[in-house]
Amino acid sequence: MTEQELLQHITRRTLFKKVGYGLGNVALASLMADPALGFFVDQQKKKPTPKPGPLSPKAPHFKGKAKSVIYLFMAGAPSQLDLFEPKPILNKFDGDVCPEEYIKGERFAFIRGGKPKLLGSPHAYKQYGQSGHQISALLPHLGTIADDISIIHSMKTEQFNHAPAQLFMNTGFQIPGRPSFGSWLTYGLGTENTDLPGFVVLLSGISNPDGGKSCYGSGFLPSVYQGVEFRSQGEPVLFVDNPDGVSSEVRRDSLDAIRDLNTMRSKEVLDPEIETRIAQYELAYRMQTSVPDLMDISKESEATKEMYGIEPGKKSFANNCLLARRLVERGVRCVQLYHRGWDHHGDSEANDIKHGLPEMCRQIDKAAVALITDLKQRGLLDETIVVWGGEFGRTPINEQRNGVNFPGRDHHPKAYTMWVAGGGIKPGVSYGKTDDIGYNVVENPVTVHDLNATLLHQLGIEHTKLTYHYQGRDFRLTDVFGEPIKDLIS
Amino acid sequence: MRFSSLWFGVGLLGLGLAVPAYQQTKPAPPLNWVSYSKDVVPIFKAACNSCHAGKNAAAGLDLTDVAALMKSGLIKAGDPEKSVFVRRIKGLDGLPQMPKGFKPLEPEKLALIENWIKYGAKIDQNGGKHWAYIAPVKAAIPKSPVVWGRNEIDAFVLEKMLGHKLKPSPEASKEVLARRLYLDLTGLPPTVAELDAYLNDPAPNAYEKLVDQLLASPHYGERQTRMWLDLARYADTNGYEADITRTAYLYRDWVINAFNKNMPYDQFSIEQMAGDMLPNPTPDQLVATGFHRNSMFNQEGGVDPAESFYNTVIDRVTTTSSTWLGSTLQCARCHDHKFDPFSQKDFFKLFAVFSNVSYRKEGDYKTTFSEHWIEPVLKVSTPDAMNAIAEAKAKLASMEERKKAFAAENARDFAKWKIEAGLTVQFVEPKVESVKSAGGATFTVGTTNLIEASGTNPDTDEYQVALDLPEGDINGIRIEVPTDPGKPGGRSSSQNFVLTNVGLTVDGVKVAFNAAQADFVQDGYDIKKLVSGDRSSGWAIYPQNTMNHRLVLQTAKPVSGKKAMVTLGFHSVWAGHNIGRFRVSVTTSDYPLLDIVRDNAQKLATQPVFNEDFDNQLHNLYLSTSVKGLEFGVDLEAAKREVAMRETGLPTALVMADKPTTGKLTAPVHHRGEFLSPGELVDAGTPDVLPKSETGNNMNRLELAKWLVNGKNPLTARVEVNRIWEQYFGRGIVETMDDFGTQGSAPVNQKLLDYLAVRFVEKKWDIKAIHRMIVTSATYRQSSNASATALNIDPTNLYLARGPRFRMEAEMIRDTALQASSLLNPEIGGPSVMPFQPKGIWDSPYSGEQWMEAKDKGRYRRGIYVFAKRTAMYPSFMSFDGTTRETCTVRRIRTNSPLQALALLNDNAYLEAAKALGAKMMQRGSLEQGLVYGFRATTSRKPSHDELAVLAKAYAQFRQKYFAHPDEAKKLGKDERDAAWTMVGNVLLNLDETITKG
């Protein structure tokens with residue numbers, strides 16, 4: 001046999017035998033375990049085993065309080081002035097022309113020229129609990145847990161159209177193509193339960209978010225980090241169900257055959273990717289069980305179902321809230337709910353703040369509160385951050401598009417409200433202030449980057465250090481901005 | 001240290017086994033051989049530049065500016081001891097040790113810097129300029145004591161291999177090479193027949209013949225286009241919120257053609273960048289400019305069009321720099337580039353080049369809520385299309401001629417109709433007995449027979465209205481939808497509705513309609529479907545949501561009776577689009593449809609003197625509102641539709657055009673890159689660090705395009721050959737294909753890269769020549785099986801001592817399944833297609849566009865033709881790292897995830913392929929022949945005995961289970977055997993080897 005042939009025929013087994021003789025076992029073990037080689041060698045079986053998957057849990061920068069996030073995204077932008085911002089002065093001057101100094105040189109999405117009029121809120125407020133949060137009568141349930149949440153009154157964004165603003169909230173940039181919040185989380189921390197996707201998206205409301213799938217896409221991060229939509233109709237995760245006529249026994253047989261053939265190939269070509277693929281097929285098989293198990297809420301108590309107000313078989317926010325709890329309970333890192341329909345311009349009666357807004361509140365109030373309560377009862381609230389809010393606020397000005405006379409508000413990026421709870425965030429805090437009519441922030445402004453930096457901080461991530469090198473530079477969720485809000489971090 | 005000695009040990013042992021001839025180690029370089037650019041700069045990059053680089057460098061020390069460093073006084077050439085630079089690194093003089101806050105520099109690295117200073121702190125001939133900004137030169141072909149290789153590529157690769165104590169792998173087997181070549185050059189695996197033809201070709205140059213054959217295949221262009229479409233961010237929709245469909249496929253087809261014709265890369269680039277600015281551009285050259293029309297376009301209400309346009313121009317600058325310069329110029333949008341020598345001015349000089357685009361305005365931002373700047377669209381006429389239009393027009397003309405004669409032939413009916421047209425059509429409102437909702441809505445019936453719905457508003461609904469009919473022959477029914485302030489006609493939040501079906505029974509007998517008319521119908525809806533009973537469309541009213549509307553349906557025959565039941569169905573994809581207020585009435589008039597046109601009809605019918613125009617209008621009305629007229633009208637309308645279809649059916653292309661200009665193009669530098677902060681004006685131009693344009697003309701798109709491919713620019717050719725290289729080996733010679741700057745990875749083999757780049761330009765940018773050179777190299781033809789030694793020394797195959805092996809890209813996986821199962825429809829070009837995709841993927845606000853799954857062979861087209869909707873890309877492509885085409889993507893990351901497994905196992909598109917493959921295998925006669933065929937169709941090689949055994953066992957298991965559960969088998973296939981074979985097909989399509997190019 002020539003040396004050429006010898007090389008050709010050399011197998012991993014014989015190589016390591018020879019190496020083993022020469023070096024002794026201790027040295028050999030340390031060599032084999034070197035991750036620099038890109039894989040681990042199991043000494044017993046003498047074949048490469050897969051690398052830790054891209055979603056395997058990773059250590060945070062420091063010990064964080066929270067493990068997961070549930071982000072209740074109110075797409076369409078709820079009116080802060082009718083829900084969280086009582087403004088007696090705005091009510092007093094309801095119908096008067098908005099003072100020039102506010103609107104000079106402003107760009108609005110729909111208000112055009114003329115002399116737009118101020119619009120007070122037709123809804124009453126009530127003060128709650130120790131925190132003294134003032135919450136609209138439209139959200140009676142939220143009042144009952146007022147002391148569990150902290151309200152940020154001074155959010156600001158840079159975008160005033162839905163799609164760019166939703167992208168900005170979710171990815172830190174207004175043009176599609178950057179990784180979303182949940183993608184950064186799973187990229188940075190992996191996930192605790194590899195039998196389920198690490199970042200799950202649940203949709204309800206009148207349509208999908210305006211920013212489309214880019215709101216929860218992975219941008220330039222590898223696509224394993226993109227948000228996986230759990231669907232309310234058909235199979236919950238795309239392609240998770242076996243086709244008709246393929247029983248789980250038949251599926252198992254076929255997976256065994258695939259595994260056996262892939263293993264033979266792996267021994268032949270020694271490509272660690274094959275071992276990874278074998279592992280991913282097994283994971284896929286486990287997902288086929290874990291996903292239906294997750295979706296099966298029949299074992300939930302009647303009291304729980306009643307508390308959320310679930311509507312079986314429907315695309316509903318309440319169902320999604322219950323699922324969100326089941327997901328974080330199983331170690332899913334990030335769950336994002338989108339509920340679209342808050343765009344109350346007042347261009348029709350159904351879409352004004354007297355009729356449309358109360359209906360939207362009714363759809364979410366009970367369930368969102370049930371989620372907090374349920375997490376708390378199960379001791380999960382301490383390690384789960386719940387975030388509620390939209391992509392911008394709404395104007396203190398009545399839009400009156402085409403001269404219609406229904407009370408409605410245009411898009412307003414300069415001041416809006418969000419609330420956060422759990423995950424070690426100080427409860428009961430009322431943070432930031434706006435002016436008399438809620439037009440501008442006057443105290444403690446919070447940018448989208450600040451909010452994201454705060455959320456990351458609670459998860460043990462230093463937001464300036466969670467980076468990905470792409471097209472020549474290190475990108476991060478918070479771009480080159482953002483400071484965690486100290487007053488909210490306990 | 002312990003580790004490195006171990007490593008050394010293994011290395012020696014490996015060498016001892018395999019290649020004793022290469023044992024000599026490279027002599028260590030003498031101390032005075034320290035190179036500034038190769039030794040010192042990398043240390044700066046790794047340890048210093050994170051603080052000491054760019055304009056805002058710490059302490060004002062910018063280590064990327066070598067001239068400044070030399071002037072700074074920190075370095076005393078010849079005397080490291082006295083150089084502050086060294087003293088700070090050592091932490092002397094009581095000052096903090098550099099790099100501050102990080103680990104101290106390793107002693108070897110410090111020694112290098114000290115030696116560099118000691119021997120004069122010389123800057124090498126390139127002055128420390130980053131390699132990528134220096135023009136490539138052809139290095140001498142390396143000589144080696146080892147005889148190996150087929151062309152120059154191999155000499156360069158071998159040099160690297162030997163330098164890393166590696167040796168070439170043997171040539172891969174003939175079948176492996178055939179598969180590799182087919183996949184690389186056409187994107188499709190060989191069919192079993194193609195494979196056999198090649199294996200049975202005894203010619204010594206069989207391989208070269210195959211190369212020629214595949215380079216000439218039209219599928220070659222498709223394969224190259226796949227990669228180019230990622231750069232061109234090609235999609236079939238506009239992106240953002242509405243994400244409405246655009247017609248852009250002619251551009252895609254242009255790219256395929258250009259590759260197939262082997263258009264030289266310089267021409268290929270110029271036509272795409274500025275085909276419109278060439279003298280007398282051909283339609284093809286205009287279509288080519290679709291490259292930059294692929295930018296996204298935000299049509300959301302309330303968007304500032306100037307800002308939207310600003311984003312478009314930025315996208316074009318970024319894409320140009322990524323595609324041709326491999327540079328990250330977008331970093332310089334907001335500030336001077338931190339690491340590379342691009343200033344913010346450079347960015348806006350390029351911005352100016354693209355800022356002169358012509359567009360028309362649609363809407364008015366100041367007074368309404370939407371204004372969009374629409375760039376030119378070109379109708380592209382082909383001779384065939386023009387002939388078809390002429391033919392259809394001739395037919396229509398003869399029908400128009402017949403029209404008058406038709407009225408004369410039906411003089412009696414026409415006369416009767418004219419009398420009725422002068423009157424109001426009498427509708428009566430029968431008593432409403434009951435109204436029911438299938439979805440649980442409740443109704444009230446008002447005094448004027450107005451029916452109002454309330455309570456729950458289900459996603460879909462069906463109303464049943466029971467009526468007491470008046471006496472006489474009923475010829476039509478009318479549905480009125482009145483609106484009053486605050487009381488919309490539709491129940492959805494937009495106040496629109498979609499009526500998808502209307503039924504009528506009289507005394508229990510179903511009554512057919514023959515015509516429908518409404519006073520207003522939403523664009524894209526067809527009320528004729530209410531007559532045919534097809535629920536796919538119907539009656540909707542956007543944007544006239546707040547106005548009164550009415551719909552009249554004419555019964556096919558007069559009908560009389562006592563009780564009637566009218567059914568109104570709402571079964572569209574639009575949830576809750578049910579009618580909220582309506583009134584039902586009936587008429588005994590012979591011409592019920594006149595109600596819809598009554599004002600116009602009365603005016604015309606009562607006109608005392610008919611002039612030709614009135615006459616004509618009257619005829620038209622007669623045709624559209626009388627039974628006899630309708631019969632004729634159907635044909636007439638069909639003829640009109642034919643003409644319209646042929647005319648609008650002319651495909652359009654998105655093209656670029658510049659506004660006329662005499663002077664220099666300029667643009668303001670925007671502070672921090674923000675739209676609202678324009679500042680100082682700069683002239684259009686190219687980045688300062690690169691050689692200037694030599695034409696002396698004012699810079700514009702055409703000049704820029706010519707400059708990109710003038711052969712002097714150090715980047716363009718390298719960037720393109722690097723991309724081509726990556727297609728074959730899975731990794732560019734510069735791994736960061738998108739970044740040739742200082743932050744990118746250094747070329748693994750710069751001599752090779754530069755050789756290929758220079759040759760590319762010398763050979764007049766001949767793209768196929770580069771492909772041919774690569775695939776005929778010995779490097780390419782190596783076996784990809786890793787030896788254990790090679791795997792240890794070079795786990796990721798940087799030095800190419802073995803052939804490439806990596807998972808296919810998304811589209812190739814689809815194409816492979818289609819080819820292996822013989823389902824593939826090999827048609828080339830044309831509108832994008834919609835193969836199977838699960839329901840509910842498309843659901844964008846403000847757009848009713850739906851995925852219309854192709855039921856014919858269109859569903860088996862190749863991946864590049866699959867309709868690309870930016871906000872909802874084809875899901876199985878996304879699982880396999882496809883791009884969203886929102887922005888230019890140079891490099892796809894390859895992941896390995898369980899969602900990929902689920903897609904291949906369960907996606908109906910792959911299941912169909914499994915069925916077809918199963919059927920093919922079953923036809924082979926014996927189990928063994930079937931299995932061998934299937935294995936070869938998917939992996940292109942014969943299975944080993946063991947592999948065959950696994951497959952046979954699997955087949956037996958499937959068969960046994962399906963015979964035990966025939967009902968299950970029926971769900972999957974024709975019978976038990978068919979189902980079992982389908983599952984074997986499913987196994988084969990899921991093998992790692994099937995989706996891997998190895």
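Mentor: Start with axes: they are lines fitted to C-alpha atoms, for helices over the stretch in contact, and angles between N-to-C directions run from 0 to 180 degrees. Helices (H or I, at least four residues) and strands (E, at least two) are DSSP runs, numbered from the N terminus. Residues count from 1 along each chain as its sequence is written, chains are lettered from A and ligands numbered from 1 in the order in which they are written. This is a predicted model, in which local features need pLDDT of at least 70 and side-chain atom pairs count only at pLDDT 80 or more, while totals for chains, interfaces and linings use all residues.

Trainee: What makes the arrangement of helix 9 of chain A and helix 33 of chain B parallel or antiparallel?

Mentor: Take the angle. The axes of helix 9 (residues 248-269) of chain A and helix 33 of chain B cross at roughly 180° and come within 10 Å. Angles under 35 degrees count as roughly parallel, over 145 as roughly antiparallel, 65 to 115 as roughly perpendicular and the rest as oblique. The two helices are therefore roughly antiparallel.

Trainee: Which residues make that contact?

Mentor: Among them are A:Val250, A:Ala257 and A:Leu261 of helix 9 of chain A, with B:Val950, B:Leu951 and B:Phe958 of helix 33 of chain B. Two residues are in contact if their C-beta atoms, placed from the backbone, lie within 7 Å. By class, this contact has 8 nonpolar, 2 polar and 6 charged residues. Ala, Val, Leu, Ile, Met, Phe, Trp, Tyr, Cys and Pro count as nonpolar, Asp, Glu, Lys and Arg as charged, and the others, Gly among them, as polar.

Trainee: How do you know how helix 9 of chain A and helix 10 of chain A run relative to each other?

Mentor: Same test. The axes of helix 9 and helix 10 (residues 272-295) of chain A come within 9 Å and cross at roughly 170°. They are therefore roughly antiparallel too. Residues of this contact include A:Leu255 and A:Ile258 from helix 9, and A:Ile278 and A:Tyr281 from helix 10.

Trainee: How many residues of chain B are in contact with chain A?

Mentor: 94 residues of chain B, against 83 residues of chain A. Helix 33 of chain B gives the most to the chain B side, with 8 residues. That side divides into 37 nonpolar, 35 polar and 22 charged residues.

Trainee: What label does A:Asp479 get, and why?

Mentor: A:Asp479 has 15 C-beta neighbours inside 10 Å, so it is partly exposed. Its phi is positive as well, about 55°. A:Asp479 sits in the segment after strand 20 of chain A.

Trainee: What makes a set of residues a nonpolar core?

Mentor: Its members are buried Ala, Val, Leu, Ile, Met, Phe, Trp, Tyr and Cys residues, joined through C-beta atoms within 7 Å. The largest core has 312 residues, of which A:Val420 and B:Val984 touch the most other members. Helix 13 (residues 356-377) of chain A gives the most to this core, with 11 residues. Leaving aside neighbours within four places in sequence, the contacts of A:Val420 include A:Ile149, A:Val386 and A:Leu488.

Trainee: How confident is the predictor about chain B?

Mentor: pLDDT is its confidence in each residue, from 0 to 100. Chain B averages 89, and 95% of the residues score at least 70. Over residues 1-29 of chain B the pLDDT is below 50. Where pLDDT is low, the predicted coordinates should not be read in detail.

Trainee: Which scores does the model get?

Mentor: ipTM 0.73 and pTM 0.73.

Definitions and conventions: A residue is buried if 20 or more other C-beta atoms lie within 10 Å of its own, exposed if 12 or fewer, and partly exposed in between; C-beta atoms are placed from the backbone.
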